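I opened my notebook for another structure and wrote things down as I looked them up. Have the viewer at hand and follow along.

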Amino acid sequence: MISRNEATVNPREHLIRYGGDVYPEIVEKAQGCYVWDATGKKILDFTSGQMCATVGHNHPNIVAAIKKSCETAVHLFSGMIPRSVVQLAEALAKIAPKPLNKSLFVNTGSESNEAAIKMAKLVTGGFEVVGLGGSWHGVTGSVSAVSFASDRKGYGPGMPGAFVLPEPNAYRCPIKHCKDRCDRTCLKVGFDLYDAQSTGARAAVIAEPVISAGGVIVPPEGYFDALQQEAHKRGMLLIFDEAQTAFGRLGHWFAASHLGVTPDIMTVSKTLGGGIPLAGVITTDAIEETCHRRGFSFYTSHVSDPLPSAVGVAVLETIEREQLLVRSREMGEYLADGLNDLKLRHEEIGDVRGMGLLRGIELVKDRETREPHHELGALTTERCLELGLSMNIRRRPERGSVWRIAPPLTVARGDIDLAMTIFDQALTEMKSRIAGRRQSGTIAPEPEKTYPSQ
Ligand SMILES: Cc1ncc(COP(=O)(O)O)c(C=O)c1O
């Protein structure tokens, strides 16, 4: 008999571990900005699930769209186009920066980037793809080869033709050139090195508009114009991976519209499905036409499925109806004020950065040396969770300890106030715990726990 044991003790007993640590309790319910575990504990979700629940968990419009799909169609033959797919493509064509006009709908961000890279290869005839340091584009073949945030070790060679540019991180300049203001030398040096290695078969440059898993790095003004020029100069397409930045996270429909830079191909995922697996590739008529003529195929089991696209339409309508773009900008400012206020009181907060409702907080032992404070980061994250606040931290020796704060766009001032109170308390307590250990001569071990943050 299939087990339905409600009292399963070890949530991991029959599960393959897939990275990082799992929350110790089973989680039973999610609603709005909160989740509840099996003990009834209510946790404020400042990660929007895995960065997907931007309209809040289980928004009634999403629930309604799912129910309606269950009454009409959930899944179809991949060669059949449901009405919701047409509606979603039309809605995206309306809001996407021109001339992006045609969409393909798949399920995950990894797939959308695979499709984008395949298209760029067909259009250019090349195969080389350049990504930014600290970036994350997914776990599958080509896209993991151009993801540099983590998880590269132990799997053998990746896709041939993958290259990295040093990322424009003004707080921790990867080429040790700038401090606090990136002057884009990293871009020049990166392309010089790439040119020296290139076989000439160039295909694409792929970039996140805000390098999220790499530490919430906001590139300096003009960076993406310059990146696009460098790409086009070499006959490469520019791909923006807007998995995290599209649909309001930064306070705009797309980062591209805000930056005034229109990529050749844009991918969207996490924030389009409101928690349902949905991803898209958006490109120009000309690129779509060339790809089609050259035999482009991305025929997956769930391409153009009705249920996820119906949810995508509901997400876009909800963002519009509830004016979540404006709300993201307003709440983002309120959150930034709260975090900057904490920075005034905690020397260990070295940097607060980000846009809209995507904010990064970097923890250091010393504001001058900027030595990362991994121990404080890990302990504070755990304490926050005990106190009812879920936050995502990224701890990498070379990239520092950075929290990524990204609540749903529906977050209220009261939720942000509560988060700041918990955060303040957790930081204060963990600082004094570490100081106490030092005074008593106990060397505090680096906590083992890791929190993946793609
Ligand atoms: C910027 C970015 N691109 C792509 C992906 C991959 O998306 P998925 O996990 O849905 O395959 C992620 C996910 O973490 C991401 O953050």
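These are my entries, beginning with the ground rules.

**Ground rules.** I am working on a predicted model, where local features need pLDDT of at least 70, side-chain atom pairs count only at pLDDT 80 or more, and totals for chains, interfaces and linings use all residues. I number residues from 1 along each chain as its sequence is written, and my side-chain values use heavy atoms, with hydrogens and water left out.

**The open sheet.** I looked up a sheet of four strands and found it open and mixed in its pairing, in the order S1-S2-S3-S13. My strands and helices are DSSP runs numbered from the N terminus (strands E, at least two residues; helices H or I, at least four), and two strands pair if DSSP finds at least two bridges between them. The edges are S1 (27–31) and S13 (389–390), each of which pairs on one side only. S3 (residues 42–45) runs parallel to S13, and two bridges join them. I noted Asp45 opposite Ser390 of S13.

**Strand S5.** Is S5 buried or exposed? I count a residue as buried under 20% relative accessible area, exposed over 50%, and partly exposed in between (1.4 Å probe, protein chains only). Five of the five residues of S5 are buried, so the strand is largely enclosed by the rest of the structure. Glu128, Val130 and Leu132 point one way, while Val129 and Gly131 point the other. For partners, I found S7 (residues 202–207), parallel to S5 and joined to it by three bridges, with Val129 bridged to Ala204. S5 also pairs with S6 in the parallel sense, over four bridges, and there Gly131 has Val164 as its bridge partner.

**Thr140.** I then moved to the loop between S5 (128–132) and helix H5 (141–145), where Thr140 lies. Thr140 has a relative accessible area of 30%, so I file it as partly exposed. Contact, in my notes, means heavy atoms within 4.5 Å. Not counting residues up to four places away in sequence, Thr140 touches Ser110 and Glu114.

**Helix H3.** Ser84, Val85, Leu88, Leu92 and Ala93 of H3 are buried. The buried residues of this helix pack against S4 (100–106), S10 (279–284) and helix H10 (306–321).

**A surface patch.** I found Phe77, Met80 and Tyr299 forming a nonpolar patch, with about 380 Å² of accessible area together. Patches take residues with over 30% relative accessible area and no salt bridge, joining like charges within 9 Å and nonpolar side chains (Val, Leu, Ile, Met, Phe, Trp, Tyr) within 5 Å. The areas come from the Shrake-Rupley method with a 1.4 Å probe, and for residues only the protein chains shown count as cover. Met80 sits in the loop between H2 (60–71) and H3 (83–95), and its 44% relative accessibility makes it partly exposed.

**Salt bridges.** My rule is a side-chain nitrogen of Lys or Arg within 4 Å of a carboxyl oxygen of Asp or Glu. How many salt bridges does this rule give? The count is 21. I looked at Glu362 and Arg172, whose closest N and O atoms are 2.5 Å apart. Glu362 is in S12 (residues 358–363) and Arg172 in the loop between S6 (162–165) and H6 (185–197), so to speak 190 residues apart. Both residues are buried. Glu368 and Lys179 form another salt bridge, at 3.5 Å between the closest N and O atoms. Glu368 is exposed at 59% relative accessible area, whereas Lys179 is partly exposed at 48%. Arg370 and Asp180 meet at 3.0 Å, N to O. Arg370 lies in the loop between S12 and H12, and Asp180 in the loop between S6 and H6, 190 residues apart. Arg370 counts as buried at 11% relative accessibility, while Asp180 is partly exposed at 47%. Salt bridges with shared partners join Arg172, Asp351, Arg353 and Glu362 into one network.

**Asp424.** My last entry is in helix H13 (residues 413–439), the place of Asp424. Asp424 is buried, with a relative accessible area of 18%. Leaving aside neighbours within four places in sequence, Asp424 is in contact with Leu342, Arg345 and His346.
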